[in-house]
Amino acid sequence: MHRQMRVDQLIARTRDASNVVVVCGAGISTASGAPDFKTLYRKDPKLSLALDRKHFARHTASLARFLLEFSAHHTPGEAHHLLARLEDSDKLLRCYTMNLDGLEERAVDSSRVRCVHGKIDDPARCGKQRVSSETLLAVAEAHNGFERYRADHGCNLRPGFVLYGDSVRHLDEMSVDLKHADLILVMGTRLNVEPVAGLVRGSRHKVIGINNEPIDEIDTVVGSCEEVCARILG
C-alpha cells in the first residue's frame, strides 16, 4: 500500500529536512530526451544480451545502437534543477542515480553524485587496459567497429558502465547515507531494481516518491517528475 501525497506536503517535508538523499531513476532522464529502456528493449529484443557481461561481445550491433542513442546531448530538466536547489540550500547530502546519462553531475557538484550503474562516458575496457569513452563511441559509429577493434587489439572492447552480472557501485556508502538522511526523495522510479530498491525500502519511513505512478509501500506524489518538480521550484 502507499499514501498519495500532495505537493505542498512534500514542500513542507523538504523545508524541514536538513539531510536529503535523492535517489533517481529513468523518469527524470526521459523528460530530458534520454531513451527509455522499456522502449529500447521492445525495439531490440537482443539488447538485454548486448548489456550482459557474458554476452555483449556476440551482440555488438545492438550494443553499438544503444551507445549511440545514449551518447546524444541531453539537457537537464526540472528534476535536475530541484537537485541544484537542494544543493544551494545545503540540504543535499547525496544523490544516487541509476541513470547512465550523467545529467545529475551537470546539475550539482560531482562530489555529491554517485552513479550506481556508472555512466555512458566512463572509460571503456580492453582486457585490463582502459580506453576512452570517445574511442568507444568512435568504434560504435564504425561499420563492424567492435569486430575490427577485436581483430586489431586482440580483446573485446566493453563499456565502462555496469553490465548485467556486474556489481552495483557505491552500495556501502549509500547504506550509510540513508541512515543519516532525514528525508529520502525518490524520483522517476518505481523502486523495482535491486539491490538499490531493497536498501531504500529499508528506510521507507523517511521516503517520499515523485513518480508518474504510485510506488508500492512508499508515500508518493503522483505525476510527471517534470511537472511536480516545476511546481516545487515555483
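Colleague: In which loop is Glu217 found?

Modeller: First, a heads-up: this is a predicted model, where local features need pLDDT of at least 70, side-chain atom pairs count only at pLDDT 80 or more, and totals for chains, interfaces and linings use all residues. Helices (H or I, at least four residues) and strands (E, at least two) are DSSP runs, numbered from the N terminus. With those labels, Glu217 is found in the loop between β8 (207-211) and β9 (219-222).

Colleague: Is Glu217 buried, partly exposed or exposed?

Modeller: We go by relative accessible area: buried is under 20%, exposed is over 50%, and partly exposed is in between (1.4 Å probe, protein chains only). Glu217 also has a positive phi of about 70 degrees although it is not a glycine. Its relative accessibility is 42%, so Glu217 counts as partly exposed.

Colleague: Which residues of α9 are buried?

Modeller: Helix α9 spans residues 145-153. What covers its buried residues includes α5 (60-70), β4 (124-126), β5 (129-131), α8 (133-141) and β6 (157-158). The buried ones are Gly145, Phe146 and Tyr149.

Colleague: Why do the buried residues of α9 line one face of the helix?

Modeller: Here's the general idea: an α-helix has 3.6 residues a turn, so residues three or four places apart point the same way. To check a helix, we take the arc, which is that of the directions from the helix axis to the C-beta atoms. Seen down the axis, the buried residues of α9 line one face because they fall within an arc of 95 degrees.

Colleague: How far is Gly145 from Thr60 in space, C-alpha to C-alpha?

Modeller: Gly145 lies in helix α9 and is buried, with a relative accessible area of 8%. Along the sequence, Gly145 and Thr60 are 85 residues apart. In space, C-alpha to C-alpha, the distance is 8.6 Å.

Colleague: Which residues on the other side of α8 are exposed?

Modeller: Start with the buried ones in α8: Ser133, Leu136, Val139 and Ala140. They cover an arc of only 120 degrees around the axis, which puts them on the same side of α8. Those buried residues pack against α5, β4, β5, α9 and β6. Exposed on the other side are Glu134 and Glu141.

Colleague: How are α8 and α9 oriented to each other: roughly parallel, roughly antiparallel, roughly perpendicular or oblique?

Modeller: Angles under 35 degrees count as roughly parallel, over 145 as roughly antiparallel, 65 to 115 as roughly perpendicular and the rest as oblique. α8 and α9 pack at about 120 degrees, with their axes 7 Å apart. The two helices are therefore oblique.

Colleague: Which residues of α9 meet α8?

Modeller: Contact means heavy atoms within 4.5 Å. On the α8 side we have Thr135, Leu136, Val139 and Ala140. Their partners in α9 are Gly145, Phe146 and Tyr149.

Colleague: What is the handedness of the crossing where α5 passes α8?

Modeller: α5 and α8 pack at an angle of about 120 degrees, with their axes 9 Å apart. A crossing is left-handed if the near helix is turned anticlockwise from the far one by less than a right angle, and right-handed if clockwise. For α5 passing α8, the crossing is left-handed.

Colleague: How many residues in the contact of α6 with α12 are charged?

Modeller: Glu78, Ala79, His81, Leu82 and Arg85 in α6 meet Glu226, Cys229, Ala230, Ile232 and Leu233 in α12. Ala, Val, Leu, Ile, Met, Phe, Trp, Tyr, Cys and Pro count as nonpolar, Asp, Glu, Lys and Arg as charged, and the others, Gly among them, as polar. That contact divides into six nonpolar, one polar and, for charged residues, three.

Notes
Residues are numbered from 1 along each chain as its sequence is written. Side-chain values use heavy atoms; hydrogens and water are left out. Axes are lines fitted to C-alpha atoms, for helices over the stretch in contact, and angles run from 0 to 180 degrees between N-to-C directions.
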